[in-house]
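Thanks for coming. I have one model to go through today, and I will keep to what can be computed from the atoms.

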Amino acid sequence: MKFFDVDGALYKFMSRLLDMLKLNILWIIFSLPIVTCGAATVAAFKVTLRMVDDTEGYVARQFIEAFKENWKQGIPLGLLALLGSYVVYLDFELARVTEADSAWFFAFGILMIFLLVMGFIYAFPLSARYENTLTGTIKNSIAIASRYFVRTIFLVVVLIVEYIIFMFNTTTMFFGILIGPACFMLTISGFAIYFFREIEKEPGAVIENSKEEEES
């Protein structure tokens with residue numbers, strides 16, 4: 001039956017699932033020093049952006065090459081994202097334990113979450129695809145998130161739904177550990193690559209130099 005053939009749907013699904021598992025394991029291993037999690041995330045996005053186009057090739061080799069290529073910008077990008085996340089965590093912890101009115105803490109926390117989403121949701125795929133400065137990458141992420149605001153909100157909703165599914169029970173949590181982060185990055189890549197290509201088609205559009213063009 002064609003369903004079970006090499007070109008069949010089952011084979012393609014299992015092959016992609018295996019690639020996601022490999023990518024997730026690599027991302028976890030290369031993120032273990034914590035300070036390198038940004039570079040590992042950029043490298044993972046390099047692979048997932050190609051997965052969207054079905055041109056990823058050898059996952060491990062592409063991931064390692066992308067890690068070596070992007071560690072200088074990936075590390076500070078990741079540290080900034082971690083710092084912002086830690087500020088949000090501290091804020092909500094203060095809101096939980098404070099005896100005073102916690103409304104201001106909650107308001108500040110929500111504002112910080114909004115800024116983190118705007119500044120970083122496309123920053124890692126941008127860094128994986130284009131040459132740019134750290135500040136330029138974050139500014140472009142904010143610009144894209146603002147331009148495609150409704151679709152970005154929809155993307156966030158999709159990510160939340162994926163998270164809820166992975167956290168549903170112990171079985172789904174197991175799969176979440178195995179492929180969860182890679183799934184989140186693949187989802188973001190599916191939205192991001194569409195936005196990038198729409199902008200690239202515009203006359204005079206500039207998102208710095210495409211790394212894909214340099215490699216071709």
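First, the conventions. This is a predicted model, in which local features need pLDDT of at least 70 and side-chain atom pairs count only at pLDDT 80 or more, while totals for chains, interfaces and linings use all residues. Residues are numbered from 1 along each chain as its sequence is written, and side-chain values use heavy atoms, with hydrogens and water left out.

On the fold, the protein has nine helices and two strands. Those are DSSP runs numbered from the N terminus, with helices being H or I of at least four residues and strands being E of at least two. Along the sequence the order is α-α-α-α-α-β-α-α-α-β-α. Of the 216 residues, 41% are buried, where buried means under 20% relative accessible area, exposed means over 50%, and partly exposed is in between, with a 1.4 Å probe and protein chains only. A contact means heavy atoms within 4.5 Å. Among contacts with a separation of 6 or more, 70% are between residues 24 or more positions apart.

Next, the core. A nonpolar core here is a set of buried Ala, Val, Leu, Ile, Met, Phe, Trp, Tyr and Cys residues joined through side-chain atoms within 4.5 Å. The largest one holds 48 residues, and Leu 23, Phe 63, Phe 120, Tyr 122 and Ile 144 have the most contacts inside it. At least two core residues come from each of H1 (9-31), H2 (37-52), H3 (59-97), H4 (103-120), H5 (123-129), H6 (134-147), H7 (149-166) and H8 (170-200). H8 gives the most, with 11. Leaving out residues up to four places away in sequence, Tyr 122 touches Ser 141, Ile 144, Ala 145, Thr 152, Leu 155, Ala 192, Phe 195 and Phe 196.

Now the pockets. The search uses a 1 Å grid over the protein atoms alone; a pocket is an open set of points where a 1.4 Å probe fits, with protein on both sides within 12 Å along at least five of seven lines, and lining residues have an atom within 4 Å of a point. Points are joined across faces, edges and corners, and volume is the space filled by probe spheres set on them.

The largest pocket comes to about 970 Å³. It has 24 lining residues, and Ala 81, Ser 85, Phe 120, Phe 124 and Ile 188 are the closest to its centre. H3 gives the most to this lining, with five residues. By type, the lining has 20 nonpolar, four polar and no charged residues; Ala, Val, Leu, Ile, Met, Phe, Trp, Tyr, Cys and Pro count as nonpolar, Asp, Glu, Lys and Arg as charged, and the others, Gly among them, as polar.

The second largest pocket is about 150 Å³. Its lining includes Leu 80, Gly 84, Met 112 and Phe 120. H4 supplies the largest share of that lining, five residues.

Last, single residues. Which helix holds Trp 27? Trp 27 is in H1, and it counts as partly exposed because its relative accessible area is 21%. Its contacts beyond four places in sequence include Cys 37, Phe 63 and Met 185. Cys 37 is buried, at 14% relative accessibility, and Cys 183 is buried at 18%. The disulfide count is zero, taking a disulfide as a pair of cysteine sulfur atoms within 2.5 Å.
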